Protein chains: 2
Amino acid sequence: MDATEQTRRTAHAYGELLDMRDWPAWGALLSDDVVYELPQTRERIRGKQALIQFNVEYPGDWQLTVRRVVADSREAALWVTFDVGDDSHDALVWLELTGDGLISKITDFWPEPYDAPAGREHLTDRS
Amino acid sequence: MDATEQTRRTAHAYGELLDMRDWPAWGALLSDDVVYELPQTRERIRGKQALIQFNVEYPGDWQLTVRRVVADSREAALWVTFDVGDDSHDALVWLELTGDGLISKITDFWPEPYDAPAGREHLTDRS
């Protein structure tokens, strides 16, 4: 299996095993010194154990669905949907993997809805 | 050149030619019926001419820098930085290409900073 295919499978498993809260299997995808960053809050979590704990403690009965994966050698981007009750959010996750195929860096973006700026209604419609 | 390499070059050019405001060259990357979506505002723009016009009219002396590209067959994800004056924002752009290598669908996310939720300081540090 080439690096891109391995990365693609790991990216899918990252989302699916997180949704299943299968912490041993999810943790096996990560390097021990994985770094997880949330650029919007400037938070950073260092290490597999802390990152598993972060997800174990994450509030709400959330469900995560993998919408799209692009993989290229040892990098991937995931587009996932994160649902809690009636709320649904998109999240965009960037993964960097080691040569052995373990996830060493995760960058997680959580874009929130915002009001459409005025002055461009002549070019846009709304979904 | 294989599809992934062609997509990778197109994704880089998408960002670089947009930054250069080279509308003829940027437009040549797009299919005539390209669809551009902003999920956060639910805005949609249909067609190459409207999308070029949207960017021509976009306010501010903005500069765009391509930070990362992941390309996979006829899909790509770009992570770009959008700078206006002293403000810097990340944007995450998902591209879908036709079999001929033209961009047919663009989904653009603009994550904004938000306050770190309380209760996870024991697991995080701040950058």
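Reply: Let's begin in a loop. A:Arg42 counts as partly exposed because it has 13 C-beta neighbours inside 10 Å. (With C-beta atoms placed from the backbone, a residue is buried if 20 or more others lie within 10 Å of its own, exposed if 12 or fewer, and partly exposed in between.) Keep in mind that this is a predicted model: local features need pLDDT of at least 70 and side-chain atom pairs count only at pLDDT 80 or more, while totals for chains, interfaces and linings use all residues. As for labels, residues are numbered from 1 along each chain as its sequence is written, and chains are lettered from A and ligands numbered from 1 in the order in which they are written.

You'll find A:Arg42 in the loop between S1 and S2 of chain A. (Helices, H or I with at least four residues, and strands, E with at least two, are DSSP runs numbered from the N terminus.) Its phi is positive, about 65°, although A:Arg42 is not a glycine. Most residues other than glycine have a negative phi.

Seven strands make an open sheet with mixed pairing, in the order S3(A)-S4(A)-S5(A)-S6(A)-S1(A)-S2(A)-S7(B). At the edges stand strand S3 (63-72) of chain A and strand S7 (125-126) of chain B; each has a single partner strand, so one side of each is left without a neighbour in the sheet. S3(A) pairs with strand S4 (residues 75-84) of chain A in the antiparallel sense, over nine bridges. (Two strands pair if DSSP finds at least two bridges between them.) Along this pair, A:Val69 is opposite A:Leu78, and A:Asp72 is opposite A:Glu75. Helix H3 (residues 48-57) of chain A packs on the sheet, where it touches strand S1 (30-38) and strand S2 (43-46) of chain A, and its direction makes about 55° with that of S1(A). (Axes are lines fitted to C-alpha atoms, for helices over the stretch in contact, and angles run from 0 to 180 degrees between N-to-C directions; contact requires C-beta atoms, placed from the backbone, within 7 Å.)

What does A:Ala76 touch? Leaving out residues up to four places away in sequence, its contacts include A:Thr7, A:Ala11, A:Leu95 and, from the other chain, B:Val70. A:Ala76 also belongs to the largest nonpolar core, which has 54 residues; A:Val70, A:Ala76, A:Leu78, B:Ala76 and B:Leu78 touch the most other members. (Such a core is a set of buried Ala, Val, Leu, Ile, Met, Phe, Trp, Tyr and Cys residues joined through C-beta atoms within 7 Å.)

How do the two chains fit together? The same surface serves both copies, with 97% of chain B's contact residues recurring in chain A.
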